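Me: I would like to go through this model with you. Could you take my questions one at a time?

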Amino acid sequence: MSAANATAAPAKSPAPAATRRRKSKLGWNLLGLLVVLTAGFPVYWMINTAFKPAKDAIDPDPHFFPSTFTLENFERALDIADFWGPVFRSLVVSAVVVVIGIAVGLLAALAISRFAFRGRKIVIVGILAVQMVPLVAMIIPVFLLLNDLGQYDRLSGLIITYLTFILPFTVWTLRGFIVNIPKELEEAAQVDGCTRTGAFIRVVFPLLAPGMVATSVYGFIQAWNEYLYALMLMSQQNQTATVWLSNFITKNGTEYAPMMAGSTMMAVPIVILFLLVQRKMAAGLTAGAVKG
């Protein structure tokens with residue numbers, strides 16, 4: 001063997017496909033980081049402003065980090081108007097809307113997904129059409145209807161109103177989760193002796209639980225953050241947490257620092273809820289994104 005042949009061959013460069021995959025992964029990671037920064041910066045700025053002195057909140061030369069931390073804004077937010085009453089009412093309304101929405105929406109989604117009946121396509125199209133109607137377009141009819149029913153300025157009337165736009169969302173979302181669960185699992189359970197109800201409770205329901213959690217969280221956030229109907233349908237004595245924030249808009253101007261402190265306190269229940277159900281929610285989002 002010649003010396004030239006005995007010389008070790010030079011190391012081969014990585015395959016082009018592997019290089020492309022690494023570059024693609026890096027690009028997606030950078031894009032994800034950009035999305036996180038874009039979505040998270042307003043939250044950071046809200047918390048940052050909440051702990052700033054009030055004069056620094058309106059400084060024309062803003063600072064990304066507060067030079068002085070203070071709790072005066074939180075004290076002002078709690079003193080400007082009743083805080084716990086609106087928060088309690090928002091919690092009650094949001095919780096009741098989620099419970100009723102999930103109970104009714106699950107039955108409706110199950111019927112649409114598993115049963116063939118006359119007018120099924122019309123129901124599906126109707127659910128989509130309802131979600132396309134702007135909420136502001138229904139404020140006057142809703143106000144007149146609730147006034148005739150004696151539900152104006154009542155939490156029950158606000159709950160009924162929220163169900164009109166949260167229930168279609170719940171039905172459509174749960175339908176997507178149910179469709180992704182193979183019918184063969186129910187049929188196998190029925191062959192083993194389960195009734196249709198028993199097959200649903202023992203087989204489908206456990207697989208559907210993560211999707212129900214994800215849907216519940218989104219429904220809760222929608223009800224918690226709603227402002228327009230709470231403003232128009234409730235008096236100041238029965239206002240919810242989102243309407244309570246308008247107390248910081250006075251004739252002398254807007255108190256931005258206390259408003260951000262109030263917004264930070266309002267975000268705490270949502271953060272706690274998300275931390276409690278984050279695993280189930282992540283599993284539900286993943287299950288809803290995969291067919292089969």
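Me: What is the mean pLDDT of the chain?

Reply: The mean is 83, and 90% of the residues reach 70 or more. Here pLDDT is the predictor's confidence in each residue, from 0 to 100.

Me: Where does pLDDT stay under 50?

Reply: That happens over residues 288–292, for which the model has seven contacts beyond four places in sequence; contact means heavy atoms within 4.5 Å. Where pLDDT is low, the predicted coordinates should not be read in detail.

Me: On to charges. How many salt bridges are there in the whole structure?

Reply: The search finds three, a salt bridge being a side-chain nitrogen of Lys or Arg within 4 Å of a carboxyl oxygen of Asp or Glu. Side chains of opposite charge can pair when their charged atoms come close.

Me: Which residue pairs with Arg 76?

Reply: Glu 255 does, with 2.8 Å from N to O. Arg 76 lies in helix α4 (residues 72–80) and Glu 255 in the loop between β2 (253–254) and α13, so this pair ties together parts that are 179 residues apart in sequence. Helices (H or I, at least four residues) and strands (E, at least two) are DSSP runs, numbered from the N terminus.

Me: How accessible is Arg 76, and how accessible is Glu 255?

Reply: Arg 76 is partly exposed at 34% relative accessibility, and Glu 255 is partly exposed at 22%. The terms are set by relative accessible area: buried is under 20%, exposed is over 50%, and partly exposed is in between (1.4 Å probe, protein chains only).

Me: Which residue does Glu 186 bridge to?

Reply: Its partner is Arg 114, and the closest N and O atoms are 2.5 Å apart. Glu 186 belongs to helix α9 (residues 183–191) and Arg 114 to helix α5, so the pair links parts 72 residues apart in sequence. Both Glu 186 and Arg 114 are buried.

Me: And what does Lys 55 pair with?

Reply: Lys 55 forms a salt bridge with Asp 56, with 3.3 Å between the closest N and O atoms. Lys 55 is exposed, at a relative accessible area of 61%, whereas Asp 56 is buried, at 17%.

Me: Is Lys 52 buried or exposed?

Reply: Lys 52 counts as buried because its relative accessibility is 4%. This residue sits in the loop between α2 and α3 (54–57). Beyond its neighbours within four places in sequence, its contacts include Trp 45, His 63, Asn 73 and Ala 257.

Me: Changing topic: what is the volume of the largest pocket?

Reply: The volume is about 380 Å³. On a 1 Å grid over the protein atoms alone, a pocket is an open set of points where a 1.4 Å probe fits, with protein on both sides within 12 Å along at least five of seven lines; lining residues have an atom within 4 Å of a point. Grid points are joined across faces, edges and corners, and the volume is the space filled by probe spheres set on the points.

Me: Which residues lie nearest its centre?

Reply: Of the 15 lining residues, Val 43, Met 46, Ser 263, Ala 267 and Ile 270 lie nearest the centre.

Me: Which helix gives the most to that lining?

Reply: α13 does, with seven residues. α2 (16–50), α10 (196–225) and α13 (256–288) each supply at least two.

Me: How many of the lining residues are nonpolar, polar or charged?

Reply: There are 11 nonpolar, four polar and no charged residues. Ala, Val, Leu, Ile, Met, Phe, Trp, Tyr, Cys and Pro count as nonpolar, Asp, Glu, Lys and Arg as charged, and the others, Gly among them, as polar.

Me: Last one: what is the phi of Asp 153?

Reply: Asp 153 has a positive phi of about 60°, although it is not a glycine. Asp 153 lies in the loop between α7 and α8 and is partly exposed at 22% relative accessibility.

Key. Residues are numbered from 1 along each chain as its sequence is written. This is a predicted model: local features need pLDDT of at least 70, side-chain atom pairs count only at pLDDT 80 or more; totals for chains, interfaces and linings use all residues. Side-chain values use heavy atoms; hydrogens and water are left out.
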